[in-house]
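User: I am new to this structure. Please show me how to read its features, step by step.

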Amino acid sequence: MTHTDTATAPVGTERGAARTTGEQAVERALDAVPQWRGRRARYTPIYGGLQNENWRVDVDDEDVSFFLKVPGAGSETFIDRGNSHVAAERAGALGISPRIVHFDPSTGVEIIEFLDGYRACTNGDMKRPEIASEIIGLYRAFGSAEALPSTKTIIDMIEEHRTQAADLGVRLPSFWPTLLREYRAARSALTASGLDIVPCHNDPMPGNFLIAEGRPMRLVDFEFSSNNERAYELAVMATEFFYDDRRFTECVEEFYGTAEWSTLARVQVCSFLADVKWGLWGCVNAQLNDGWDYDYHKYGVWKLRRAQTKMTDPRWGGWLGAL
């Protein structure tokens, strides 16, 4: 999660009064911003991020507040900070993301403009057709941007996580061998069809979409962005929000302008790959750091189980064949 409604934000901690390690990290980040050195500031934690520590910052004589993100320990295993910064800059230039104020490539600390009056979406918001339409509009816009520095397809992501899992000795569920067999079949079919590579955000967590009444939605948090298969961008969104077949088809038609069988099949196969990817990601994260207050292993196994459900759908063979 990123932003919250500023009307409820507490006063925060005065700069120079840091007590916790998190507050000390914030003050180091503030000291690294040349135009803010020596200026009075307050910072307030924003809760909800899975890997990073997020803060609202208010600096004297600034007309707006700021959002500061301090990367969590171990997150560099998955995230190319330089690429995510370029992606955020390009999204900002398109007018679909907040303005970047400061980025430190050595630490990954990023500071962006805080959007007053906006709030992060919830899972409930994602059931609203107009919200899905706005997200699709953002994805279509970002997909039209210049290519990003990093190309990492959904196949690359899964292969990376498989290697990480093997190197770390990660415990995978008993049904993994069957899932691996179908993943290989999906990989072969998708690769043989030719990948449609465009800039993709790749992370439809509700908190990455900011909304405000009467104002356009904004997209944030480009840590997992890369040049990727276009169908994956829509697939991971539709999968994450449990869209039924009707809603799934409506989204495909809105995203592509058509919902013909081969297009639907491509998105369905990418939906399966999305759960394989995030399932492995969860299991690997559980091994990397046991200090995070989140059951990543449970999350990962649940995602892998849902991928198993997808491959047992009677249409699975037809989807693969249509690619």
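User: Is F255 buried or exposed, and why?

Analyst: First, the ground rules. This is a predicted model, where local features need pLDDT of at least 70, side-chain atom pairs count only at pLDDT 80 or more, and totals for chains, interfaces and linings use all residues. Residues are numbered from 1 along each chain as its sequence is written, and side-chain values use heavy atoms, with hydrogens and water left out. Now the term: buried means under 20% relative accessible area, exposed over 50%, and partly exposed in between, with a 1.4 Å probe and protein chains only. F255 has a relative accessible area of 7%, so F255 is buried. Y256 has 26% relative accessibility and therefore counts as partly exposed.

User: Which ring does the charged end of R247 sit over?

Analyst: A charge sits over a ring if NZ of Lys or CZ of Arg is within 6 Å of the ring centre and within 35 degrees of the ring normal. R247 has its charged end over the ring of Y243, 5.6 Å from the centre. R306 does this with F242, at 4.7 Å from the ring centre.

User: What is the strand order in the open sheet of six strands?

Analyst: Strands of a sheet pair through backbone hydrogen bonds, either parallel or antiparallel. Two strands pair if DSSP finds at least two bridges between them. Helices (H or I, at least four residues) and strands (E, at least two) are DSSP runs, numbered from the N terminus. Here the order is β1-β2-β3-β4-β6-β5, with antiparallel pairing. The edges are β1 (13-14) and β5 (100-103), each pairing on one side only. Two bridges hold β1 antiparallel to β2 (residues 41-46). E14 has R42 as its bridge partner in β2, and T13 has Y43.

User: Which strands form the open sheet of three?

Analyst: They are β7-β9-β10, in that order, with antiparallel pairing. The edge strands are β7 (119-120) and β10 (215-219). Two bridges join β7 to β9 (residues 209-212), where A120 stands opposite L210.

User: How many residues does the largest nonpolar core have?

Analyst: A nonpolar core is a set of buried Ala, Val, Leu, Ile, Met, Phe, Trp, Tyr and Cys residues joined through side-chain atoms within 4.5 Å. The largest one has 70 residues, and L179, F209, M237, F272 and L273 have the most contacts inside it. Helix α8 (residues 261-288) gives the most to this core, with 14 residues. Contact means heavy atoms within 4.5 Å. Not counting residues up to four places away in sequence, L273 touches I154, I155, I158, Y183, A186 and L190. A second, separate core of 17 residues includes A25, A41, F66 and L68.
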